[in-house]
Structure formats: C-alpha cells, structure tokens
Amino acid sequence: MSMELAKVFDPGFSTADAEYPDIGMEEGDLILRFKDWREEVIEVFFSDVIAFKWQMTETFVEGEHYDRSHEILNSLWLAAHVSQGCIAETEEYKHYKFNFNGCGQLDVIANGFVKKT
C-alpha cells in the first residue's frame, strides 16, 4: 500500500485559531460545533459515520498542515475498516481530518458532511 498522504481541501469553514470544539452523536450522525476565529458558530453534520476520534496530541502525515482540513489518501485507518468488512470496497467513504491548531485533531470516516447554514 502507498504511504498516507494529506490532501488539503476547503470544507467551507476554517479550523484555524478556532475554540475547542463540541463533538457529539445524534441518531448515528456526528455533529461538530465550534466558534471560529471570527467568533462565528460553525455546525457541521457528518452522516453515516463509521468511525471518529479526537486527540489532543498532534500527529501529521506528509502534506498535512496544523491548521487546515484534509482528506487522508491511502488511509491505513480506512483500510482497516474495509479489510474487516465494516465498509465495502465499493462504498465511497473518506477519511477526513480537521486540525484545530492548539486544541487537537478530529479524524472522521464518513461518506460526506454538510455545514449547517
């Protein structure tokens, strides 16, 4: 398998200099809420979440920025879920990683997310 690689993308919100997030589950959906650097409340819904984790230690793969949002390509974590049958190889799940510089990192395996407007 190829080495893990972080691909930066713009999710429609910024995690840079954001406050510590509130992370919760409601009916199988992951909900992320936080105040961004402008003090605006951001609310993001991840549907059909297979896994998520929050950590305060910062670990980075090639191409990853400490204050940006990424899709982790060639994800070992995602591959483990596929190999154990939690996800079919034909399903379009992705490993997203949101870095809240100074607070921590949120990793999510889901088939998408939506920012509430």
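Guide: Two strands pair if DSSP finds at least two bridges between them, and strands (E, at least two residues) and helices (H or I, at least four) are DSSP runs, numbered from the N terminus. Please keep in mind that this is a predicted model, in which local features need pLDDT of at least 70 and side-chain atom pairs count only at pLDDT 80 or more, while totals for chains, interfaces and linings use all residues. Residues are numbered from 1 along each chain as its sequence is written, and side-chain values use heavy atoms, with hydrogens and water left out.

Visitor: What makes S1 and strand S6 a pair?

Guide: S1 and strand S6 (residues 69-73) are joined by five bridges in the antiparallel sense, and the rule asks for at least two, so they pair. In one of these bridges, Val8 has His70 in S6 as its partner.

Visitor: Why are strand S1 and strand S5 said to stand at the edges?

Guide: The open sheet has five strands in the order S1-S6-S7-S8-S5, with antiparallel pairing. Strand S1 (5-9) and strand S5 (51-55) each have a single partner strand, so one side of each is left without a neighbour in the sheet.

Visitor: Which strands does S3 pair with?

Guide: Strand S3 (residues 29-35) pairs with strand S2 (residues 22-26) over five antiparallel bridges, and six bridges join S3 to strand S4 (residues 41-46), again antiparallel. Leu30 stands opposite Met25, and Leu30 also stands opposite Phe46 in S4.

Visitor: Why is the pair of Phe13 and Phe34 called edge-to-face?

Guide: Rings of Phe, Tyr and Trp (its six-membered ring) pair if their centres lie within 6.5 Å, and planes under 30 degrees apart count as stacked, over 60 as edge-to-face and the rest as tilted. The centres of Phe13 and Phe34 are 5.9 Å apart and their planes stand at 65°, so the pair is edge-to-face. Phe13 lies in the loop between S1 and S2 and Phe34 in strand S3, 21 residues apart. Both Phe13 and Phe34 are buried (under 20% relative accessible area, with exposed over 50% and partly exposed in between, using a 1.4 Å probe and protein chains only).

Visitor: How do you know that Phe46 and Phe98 make an edge-to-face pair?

Guide: Their centres are 5.7 Å apart and their planes stand at 70°, so the pair of Phe46 and Phe98 is edge-to-face. Phe46 and Phe98 are both buried.
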